[in-house]
Amino acid sequence: MSPSDPISSVRMRLVWKSLDKMRCLRKRSTIPFLGFLITFLLFLNLYIEDGYVLEGDKRQLREASVHPPSSERYAHTFRDLSNFSGTINVTYRYLAGTPLNRKKFLTIGLSSVKRKRGNYLLETIKSIFDQSSYEELKEIVVVVHLADFDLVWCENVVQEITRKFAHHIIAGRLLVIQAPEEFYPSLDGLKRNYNDPEDRVRFRSKQNVDYAFLLNFCTNLSHFYMMLEDDVRCSRNFLTALKKVITSREGSYWVMMEFSKLGYIGKLYHSRDLPRLAHFLLMFYQEMPCDWLLIHFRGLLAQKDVIRFKPSLFQHMGYYSSYKGVENKLKDDDFEEDSIDIPDNPPAGIYTNINVFENYDATKAYSTVDEYFWGKPPSTGDFFVIVFNKSTKISKIRIATGSDDRQSDFLHHGALEVGEKLVGTKKGKQCSSYITLGEFKNGNIEVQDVDHKIGFDIECVRIVVTASQKEWLIIRSISLWTTQPPSQ
């Protein structure tokens, strides 16, 4: 159905009319507003798709054939607003490069506009490529969305990018695109939430649309998508680190993983979720900044907790923001430029007979993100065991217990064991044979060259409590390094 179709036009008028009414609602809590609007749009989708049109609306359809609504300008972009699963119909300009037929592992998305002071885009692109090995470069594609309506500026930037990164463009690793201005919604008369000045509201609202169009373009380019800002530097071999984290989360549900604690930097998604996220940003583009909307999006898709990896893989390097060129010296103090020694943590099942406190469950100790296991006081013989999905060669094991906040909640007396000969029991799979690698000291243990000390492929790693303690137990991190990539 074409945008000029009267029925399509009225559908868009009904959507925007309803949205405009809800924009007038002033509520202190954003979450009920978002929930109500999401429910309304889902209902509207059923209402329209299933053909439940009331008599009054039928009259509007007839009238629309004579007097088309003024919203036709944006109908080609927003006509499928209530369809979360489909991509948005935007005709992009290809300013440099073209997509390859083969899906890559990771797309890295950047959106950039003209800044009043300082421009870091070229440095950011350079950092992405310089910090990646040749093998890693084969698995990434970088998409730059030049989201400024100044076409002369865009042309100059494209010339610089083409001159400095021609070989990456030819290899299909770098694309530069633009969504034309006519596809944008109105950026005038926007809601002024949070007492923001009008130009600030316009800036952050347009930024939401910029990101939505970028996400929409990247939907089918790769299996995973990473959002960066245009003033970022990367840690060395960040893709290898990403792969290790993704592998360690295999079998667990996640919507967004964070590899920086700042803004919209280092946020990782499954590419299959990009259409929904793009629609979400468009629907609420004038409500709040994009990094706030991300929190609501994650929650609506049932990921309650933040999943953030440490050390951070991306650092904010700009001193001036793209909004009015004001100073922005935010830094991520968890960033490490050489995050080479990152654990593999191959896929495994985690079991313990220690009483778990609230939602600090056993899997959080094995995660490579900023989480931990917390259990009630353990007794002699209690255990915490990792059972691998398949036997593997382990080169190094490092386990840390306790925390800075609760320094007494460490493992006072314990041993580290590795096992083989997996058997099924009433309590799940367990190894029937174990060898002790060492004792915990001050709640920590690290064992090097495990594969040289053990003559078998390991199927289980077990922590055993060797003496009861009155204090609770935090297992902050369990880090394992294999002798081959975990995907093998």
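Which residues form a disulfide, and how far apart are their sulfur atoms? Let us look for the answer together in this model, which is a predicted one.

The partners are C431 and C460, with 2.1 Å between their sulfur atoms. This is the one disulfide that the structure holds. The bond ties together distant parts of the chain: C431 sits in strand 15 (residues 428–439), while C460 belongs to strand 17 (residues 458–465), and the two cysteines are 29 residues apart.

**Cysteines and their surroundings**

Are C431 and C460 buried or exposed? A residue counts as buried when its relative accessible area is under 20%. C431, at 7%, is therefore buried, and C460, at 0%, is buried as well.

| Cysteine | Relative accessible area | Class |
|---|---|---|
| C431 | 7% | buried |
| C460 | 0% | buried |

Now turn to another part of the picture. Four strands make an open sheet in the order 11-18-13-16, and their pairing is antiparallel. Which strands lie at the edges? They are strand 11 (373–375) and strand 16 (444–447), each of which pairs on one side only. On average, neighbouring strands in this sheet are turned by 20 degrees against each other, with direction ignored.

You can follow one pairing in detail. Strand 13, which covers residues 394–401, runs antiparallel to strand 16, and four bridges connect the pair. Look for R398 here: opposite this residue stands E446 of strand 16.

**The whole chain**

How many helices and strands does the chain have? There are 14 helices and 18 strands. The chain has 488 residues, and 54% of them count as buried.

Taking contacts between residues at least 6 apart in sequence, 78% join residues at least 24 apart.

Key:
Residues numbered from 1 in each chain as written. Predicted model: local features only at pLDDT ≥ 70, side-chain atom pairs only at ≥ 80, totals over all residues. Heavy atoms only, no water. Disulfide = S-S within 2.5 Å. Buried < 20%, exposed > 50% of the residue type's maximum accessible area, 1.4 Å probe, protein only. Pairing = 2+ DSSP bridges. Axes fitted to C-alpha atoms, helices over the stretch in contact; angles between N-to-C directions. Contact = heavy atoms within 4.5 Å.
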